[in-house]
Each structure stands twice: as structure tokens, then as C-alpha cells.
Amino acid sequence: MTIRNSRRRLVLTGLSLVAVAALAGCSGGSNDPSGGAGGASDEPGSFTVLTANENQALEDQLTQLAEGACAEQNEAMPLEHQKTAQADTVQKVTQLASQGALPQHFIAGTDMVRPDGDLGAGGMVADYEEVLGDAFENILPAAASTVNNVYGGMVSLPYQYNLEGIWYNKQMFSEAGVDEPQTFAELLDASAALEEAGYQPLTTAGADGWPMTRLMGMYIFRNVGPDAMQKIADGEAKLTDPEYLAGAEALKQLADEGYFGDGFSTMDSGTSAAAFLTGKAAMKYDGSWLLSNINDPEQNEIGEENVGFMPFPAVEGGAGDINQWAANAGAAMSANAETMGPNTTAWFECIAENYGAQALDSAGIVSGFKINDEVTDVPAATAVVQEKVEGIDETVLWFEALFDAKSNSLASTNASLLVTGQMSAEDYMAELQASIEASL
Amino acid sequence: MSRVFGDRKTVLILLVPVLAVYGLLKVVPVLWSLGLSFFEGNTLRGFEFVGLDNFTTFFTDGPALHALWVTVYFAVVMTAAQVVMGYLLALMYVFVLRKGSAFLRTAVFFPMVLPTVAVAMLFKSFVAVGDNQGPVNDVINFFGGDSVEFLATTSGTMTVAILMTLWTSMGFYAVLLYTGLLDIPDEVIESARIDGASGLRLVRHIVLPLSAPILLSSIIFSFNSTLKVFDSLLALNNGGPGTSTSPLTLYMYRTAFEYAEYGYGSTIALVLTLLCLVFTVTVFRSSAKRTED
């Protein structure tokens, strides 16, 4: 009996040891991405950049810089790319950061890099104003202001500087006898006139949710003023207040009138862009990132000279102004504060000095960096956006910009219920407000 | 053989590696997840012990309870549909088509090997409206009806999801149940026929009771796979419109990986595990009771 018990104990001890050894193997991780000793002063041997699969342009532009203007920096610290699906960003970055394996330069979730976010609070993201020093002047003040507004600090580089507004088909406007609407009421009139002329007034990618919430958000900014969403974040106003509810009702009105056409609530972004660029719809609310589609002759059948860009119109009696464009600076691209060193700093300085001109010249991308070289042959639509960017005095954020991740997702997913009449404007805003309050 | 299995050392040598792997890959993660459900946070900002707070939150969290309802509804409807359709097909293979059923069995089974995302894209295009209208709305238009945006409504999305899952899975259940029906001795069927049983009476009194074990396995198998439905509802309409067709698995994924709330995500996982356990035990017990009766 004793022998049997001893054997049993031996087997159990052996099993436990195997389990502990395996778990220890799984849980172990070096703090240094390069595999060497970790530590605040250790700069890795390569300039590793984590970007989203969906943003191939950024990888291409950085590679071009490494081969061209930043060849010297690349020799000292070779560029290496890592990729992630945009939807997996939070999970991926959380995992890398918890293992001390964050790349030198990485995409992050908006929430994460804010001062109270997981990375921001942990001091893991660098402030570009400090990193760049004198080279910080290469970042356009409007772009720096947008980054500061969204992230609460200069913790992202503005590889894109996107204006959001209404792209429209000039020829259809001319045939329907309408001018750029200056007020929301005029937008409704213009839509009715376009419909009467046989055109679908608007197209939107309802499956994505956010293209619809942006319309609602812009109505709110025009109605309440540029600090409308800051008031919500600060708890000074509620989304259920009548002036905010009006935004949801305005969006619902556009849907109820049938101005978005058939099947809009399940339409994806590619189909919606095609509807505008092939002349099936007269207007599309979108960001200036649509330029890559507009400048592609294979996609753009209506001709680039036929494409106009206007801000979301004012709301009669509202505190906002039509000239307050919605702007964003793309997804957060942060720098690892813990492994910052002279070679990394040299890379960021080189990017700040050269990215603007190169991206505009080679890909027609409007970024938040200064254009330090002369760029010729800018496509017509890109030039229009550049002109608008130069004339901007004040920008506003987008509807969900200051929301936590859960409320952000809820705003987008419930939008389809709102526009299809399965959820009232009151319920939509009440549910969203409850989610925002729960996160505070 | 009995000498080999009678030796304790041999049994240990054979079992220990398997049990160790099973324990490390199955039991440890489940226990780990169970432990996490008493904490809040993530690997970056750290974990804080919150006791039973996550469980209290779950039972007062509207979207979580809705996701639980979607999961149970989908599991019950799908299990009923795929097991009944599978059984009818199996009966047809055995009693109508007999040896000529090979082609049909393969054809009906084929969708099972297709990736779920591809199937979801296919069904999405079937029911599409607008410029790229699908054949379903073409047929509706042909008979004078207006196009229907199926994926814009909860009932429409759920109907498409159920038909889609049924299309892919019924062939599998048909083959599973077919093998069970083949085990019924021909003599039993023949003697029942001689005694005057045929058609529905033969199925009701002879085939059904004799195929009960495989039917029970199919039901348990079906519940456990449909309670964990994820990819089909995600690929079809992203759990929408809104979150109205979002099952517990999708809610768990979003909570843990999109909102970085690992503790609450683990709580949802635990609820799902318990749900599978409850369904399995219920089916087992009801069948055991019937056997005793």
C-alpha cells in the first residue's frame, strides 16, 4: 500500500513538474525585441515599423525613404517592417507591449496612446515634440493640433492629413441646377433636385457604420459648435440632449427620404466608392483618402476634373461654422519611448523632413508634413484638397474621436439599426450615452 | 492483450503522455481562464482582483444577455433543423436510394468542406440588393415583388444564417446518421416488414429506437458546435444589423481583444462553457431517463 502511494505521489510530482516547466517555457519572454538584454537605454539594431496590412502605402513610402533620402539612417539602423490587421491592432500591441517587445515605431489604438490609455499611462510612447527637437517644425501646425486634440499629446506622426467632406459630381450638380449647399436645408433641397433629375443623391458604405455616424457627427458639430463632442467627453452635455438628438434625426431623415439608394445599409466601402466614381451617385461623404481612388483612371470614370469637394454644410441657427472642416491624421503611429536612441531619433528627423514631399510626389498623398521639395504634376483633385488644407483656420474631430473603444464600436454598429428604422434616434443616443458613462 | 493492459506500468506509459498533453493544452487554459474571470484588466495595465464582479456585470449587461439569447436561439433552431434534415436525408439514402446514394451523399456533403467565409460571401451575394442585386431578389422581382434587403433586418440576417449553416452542415449529419442506420441489422427490418410494419410505422417503432444512440450523439455534437457559432455570423453580417445577431463568442472576442477586457472576456467564455455543459448533460439525462422508462 505504501509502495503504491509512493508511486502515485511520484507520478503526480512528475506530472506537476512537466506542467510547471512547460508553463514557465510559455510565459518567459525577453524584454528586448532584438533578443539582447532589455533596458531603457538599449536601442535595438533595426528600425522596426509595425503598420496595418490595410495601409500598404505607408510601408511603400518608408521603404522608398530608406532607399533614398534616409539611406544614411537606414545604413546605421536598417528598416524592418512588421504587419498586422488593423482590426487586431489593440490585441497585437497589447501583447507586444506586455512582453517588452514593442517595435521602434508602431500603429496603436487611439485609446491606448492617450495620457490615460494603457501605453500612455505606462510612459511607453514618446512625445514627438521632444524626439524631433528642431525638426518638429516640419509638422504642419494644423496637423499637430489635430494629433494633440485626438490623442491628448504629440504621440503620433501625421502620415496622412485627411480632411473629411462631401465629394460631389460637378456635372450632375450642373445638370440638376444645384450649387454647393451652404446649409443642411439646402443639402436636402439639392438631394431632392438631383433625385428629380434622375440621379441617386448620395452613396454611403453603410456596412462600415462610420460613414453614417460621420454625417450625424458633422450635423452635431454644426448645430452645437466645434466643442460639441468635448462637452460629451467632459460630461457637460449628453447625447440625449435635443441638440444632439437632432444629429441622429438628420441622418435618419436622409435615409428615410431614400437619398442613399437601395441596399446602402449593407454596402461596403469599395462598392460605395465605385457608385460615386462610375457616376451612379452624385455625392459621397468621405475623407481625402478617397484621392487614391479618384486619381486612379481605372476606377474614376467620371474624370478627375469633374470631382468637387465641399465641407459639410452649416445648420441654420447652429453654433458651428461651415468652414470648420473635420480633420484627422490617420491611425496613431507612435514611437517606443523605452528604446529611443540616437539612431532612432535620426530616422524620425529624416522622416519629418522628407516624407511630405515624397508622399505627395510619388503617391499623391496629402500628409501633415511640410513639403520641403518642389512637387510638380499634382493631380487636380489632390490640388483641391491641398488648397483647402492651406486655407483652414479651425478643424473639428469626428463623431467617435473621443469615445472609448466599446462606445466607438457601438456607435458604428447601431447606426444601421437607426437608418433602417429598427432603432429610434432616442434609443440610439441613450444606448451610446450609457456606454460612454459606463467607461468613465 | 489483457496481460498488456493489466500491467500498471504499461497503462501509465501509454496514458501519461496523452494526459499530460491534454492537461497542458486543455485543462490548464480552461483553469487559467476561470482564474482570469475573477480579475479585471489586461496584460499591459495589469490585473486587479474583483471577486464576483464580472459575473454580476454579466447578468446585468444587456448586450451580453442578448448575445446569450442569440446563441441559445441559434443552437436550438440549428440543432433541430440540421439533425431533422440530416435524418431525413439518411433515411432516403438507406431506404429509397439504397446503393445508388453515393453521388447524392457526396454532393450534399460537399459544402461542408468549403471555408465558412467563402460560403458567407456566397450567401451575401445571393441576397444582395442594389447595383449588384443577387438571384434571390431577381426572383422576387420576377414575381412582381419589391427587392428585400435581408441583411438589413435581424430576422432576415438570422434566416439567411440558418439556411446557410443548414446548407453546409446537413450533409455531414446525414452521413453521420447514415452510418448509424447501416448498423441496424437487415433481419430486424425484414421481420418488422413481415409483421406488417412499413413506412412511417417502421421508422417510428423500429428505425428510430434502434438509431437513438447515434441520434443522441448527433444532437450533442450539434449543440456543442452551434453554441460556439462565430465565423458564419461574423462573416455574414458582422453580428449585425447593430449587434442583434451577435452571439456570445463574438461578444467575448470583442470584449477580450477589441476592448482589452480580458477578465470580463474570460467570464463570458466560462458562461459559454457552462452552457455547453448544461445542454450536454440535459440531453444525456433525458435520454438516460427514457432508456430507464
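**Close-up views of a two-chain model**

Let us begin with one pair of residues: Ile107(A) stands opposite Met333(A) in S9(A). This is a predicted model, in which local features need pLDDT of at least 70 and side-chain atom pairs count only at pLDDT 80 or more, while totals for chains, interfaces and linings use all residues. Residues are numbered from 1 along each chain as its sequence is written, and chains are lettered from A and ligands numbered from 1 in the order in which they are written.

**View 1. Chain A as a whole holds 19 helices and 10 strands.** Helices (H or I, at least four residues) and strands (E, at least two) are DSSP runs, numbered from the N terminus. The C-alpha trace of chain A spans about 95 × 60 × 40 Å along its principal axes. Of the 440 residues in chain A, 49% are buried; a buried residue has 20 or more other C-beta atoms within 10 Å of its own, with C-beta atoms placed from the backbone. Contacts here link residues whose C-beta atoms, placed from the backbone, lie within 7 Å. Among the contacts in chain A with a separation of 6 or more, 74% are between residues 24 or more positions apart.

**View 2. An open sheet of four strands in chain A has the order S2-S1-S3-S9.** Its pairing is mixed; two strands pair if DSSP finds at least two bridges between them. Strand S2 (79-84) and S9 of chain A are at the edges and have a single partner strand each, so one side of each has no neighbour in the sheet. From one strand to the next, the twist averages 30°. Helix H2 (residues 56-67) of chain A lies across S1 and S2 of chain A, and runs at about 175° to S2(A). For such angles, axes are lines fitted to C-alpha atoms, for helices over the stretch in contact, and the values run from 0 to 180 degrees between N-to-C directions.

**View 3. Strand S3 (residues 105-108) of chain A has buried residues pointing both ways.** His105(A) and Ile107(A) point one way, Phe106(A) and Ala108(A) the other. What are the partners of S3(A)? Strand S1 (residues 47-52) of chain A pairs with S3(A) in the parallel sense over two bridges, and His105(A) in S3(A) is the bridge partner of Val49(A). Strand S9 (residues 332-335) of chain A pairs with S3(A) in the antiparallel sense, over four bridges. There, Ala108(A) has Ala332(A) in S9(A) as its bridge partner.

**View 4. Helix H14 of chain A carries several buried residues, including Leu277(A).** The buried residues of H14(A) pack against strand S4 (162-169), strand S5 (200-203), strand S6 (281-287) and helix H15 (291-294) of chain A. Why does Leu277(A) count as buried? Leu277(A) does so because it has 25 C-beta neighbours inside 10 Å. Leaving out residues up to four places away in sequence, Leu277(A) touches Asn293(A), Ile294(A), Gln299(A), Asn300(A), Glu301(A) and Ile302(A). From Leu277(A) to Trp289(A) the separation is 12 residues in sequence and 14 Å in space, C-alpha to C-alpha. After H14(A) comes Gly279(A), with a positive phi near 80°.

**View 5. Where the two chains meet, the contact takes 32 residues from chain A and 28 residues from chain B.** Helix H1 (2-27), helix H4 (89-98), helix H14 (269-277) and helix H18 (405-419) of chain A each supply at least two residues of the side of chain A that touches chain B. H18(A) gives the most to that side, with seven residues. By class, the side of chain A that touches chain B has 12 nonpolar, 16 polar and four charged residues. Here Ala, Val, Leu, Ile, Met, Phe, Trp, Tyr, Cys and Pro count as nonpolar, Asp, Glu, Lys and Arg as charged, and the others, Gly among them, as polar.

**View 6. In chain B, helix H6 (residues 116-126) packs with helix H8 (residues 154-182) at an angle of about 130°.** Their axes are 10 Å apart. The angle makes H6(B) oblique to H8(B); under 35 degrees would be roughly parallel, over 145 roughly antiparallel, 65 to 115 roughly perpendicular, and the rest is oblique. In H6(B), Val119(B), Ala120(B) and Phe123(B) meet Val160(B), Met164(B) and Thr168(B) in H8(B). This contact has five nonpolar, one polar and no charged residues.

**View 7. A hairpin in chain B joins S1(B) to S2(B) through three residues.** Strand S1 (residues 39-42) and strand S2 (residues 46-49) of chain B run antiparallel, joined by four bridges. Phe49(B) in S2(B) is the bridge partner of Phe39(B).

Technical notes:
Buried ≥ 20, exposed ≤ 12 C-beta atoms within 10 Å, placed from the backbone.
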